[in-house]
Amino acid sequence: MSILKVDTINEKTSGNRVQIPGHVIQVKQTVLADTFSTTVGPNFTEVTDFRTLITPTSTSSKILIYADLSVGQHYYQARGRLLRDSTPIGLGNQRGSNRKRVTWNTVHYGGSAPGTSTNFFNQVSFSFLDSPATTNEITYSMDMGGYNTTYAVYLNRSHTDTDGASYNGTPQSTLTLMEIAQ
């Protein structure tokens with residue numbers, strides 16, 4: 001067995017980036033510190049200002065996506081999908097004829113009638129390893145939906161988030177991309 005010991009590795013041709021399989025080539029992140037809300041119901045709408053762009057250096061690269069979301073919901077359900085250039089990815093399999101295929105989903109039962117338990121707030125985290133097979137710029141983003149158009153879903157706030165409620169925190173959500181050499 002041989003051992004290679006070096007202090008520095010320089011690429012032979014400038015601009016090619018040395019790529020060691022399994023190593024991170026680049027990292028991009030978007031932090032959403034503002035709030036987002038929608039009453040789109042069981043459909044989906046893209047989260048405003050929550051996009052991360054990356055240009056892979058090789059078509060064989062993988063993109064490791066890590067999302068950490070602060071999700072609030074007025075009632076019952078909040079759900080979301082990870083998007084690559086507006087196309088949903090990382091979805092569960094279709095079951096039945098009426099279920100939404102999503103990347104993440106939260107469900108809470110509370111109170112005896114809709115809207116009686118309005119303080120649902122969760123930290124939702126997930127990761128997904130994508131194989132985009134391109135060296136073109138890619139936009140990763142998130143869309144969200146909820147129970148129905150009467151009840152809102154949120155990022156970075158609860159339904160009862162008011163200035164009078166000093167106990168409410170002001171979290172942030174992050175979308176982090178890491179290009180992994182293959």
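These questions and answers concern a predicted model.

Q: Why is isoleucine 9 called exposed?
A: Its relative accessibility is 55%. Exposed means over 50%. Isoleucine 9 therefore counts as exposed.

Q: Where is isoleucine 9 found?
A: Isoleucine 9 is in the segment before β1 (24-32).

Q: What makes the nonpolar surface patch of about 340 Å²?
A: Leu4, Val6 and Ile9 make it. Patch residues need over 30% relative accessible area. Ile9 has 55%, so Ile9 passes that cut-off.

Q: Why is serine 58 called buried?
A: Buried means under 20% relative accessible area. Serine 58 has 17%, so serine 58 is buried. Its place is in the loop between β4 (52-54) and β5 (62-73).

Q: What makes the pairing of the serine 58 and serine 60 side chains a polar contact?
A: The distance is 3.0 Å. The cut-off is 3.5 Å, so the pair lies within it.

Q: Which residues does serine 58 touch, not counting those up to four places away in sequence?
A: Serine 58 touches Gln19, Thr134, Thr135 and Glu179. Contact here means heavy atoms within 4.5 Å.

Q: Which residues touch the most other members of the largest nonpolar core?
A: Leu69, Trp104 and Tyr140 do, in a core of 24 residues. Core members are buried, so each has under 20% relative accessible area.

Q: Which strands each supply at least two residues of this core?
A: They are β5, β6 (77-84), β9 (120-130), β10 (138-146), β11 (153-155) and β12 (173-180). β5 gives the most, with five residues.

Definitions and conventions. Residues are numbered from 1 along each chain as its sequence is written. This is a predicted model: local features need pLDDT of at least 70, side-chain atom pairs count only at pLDDT 80 or more; totals for chains, interfaces and linings use all residues. Side-chain values use heavy atoms; hydrogens and water are left out. Patches are made of residues with over 30% relative accessible area and no salt bridge: like charges are joined within 9 Å, nonpolar side chains (Val, Leu, Ile, Met, Phe, Trp, Tyr) within 5 Å. Accessible areas come from the Shrake-Rupley method with a 1.4 Å probe; for residues, only the protein chains shown count as cover. A salt bridge is a side-chain nitrogen of Lys or Arg within 4 Å of a carboxyl oxygen of Asp or Glu. Helices (H or I, at least four residues) and strands (E, at least two) are DSSP runs, numbered from the N terminus. Buried means under 20% relative accessible area, exposed over 50%, partly exposed in between (1.4 Å probe, protein chains only). A polar contact is a pair of N or O atoms within 3.5 Å; within protein, one must be able to donate a hydrogen and the other to accept it, and residues adjacent in sequence count only if both atoms are side-chain atoms. A nonpolar core is a set of buried Ala, Val, Leu, Ile, Met, Phe, Trp, Tyr and Cys residues joined through side-chain atoms within 4.5 Å.
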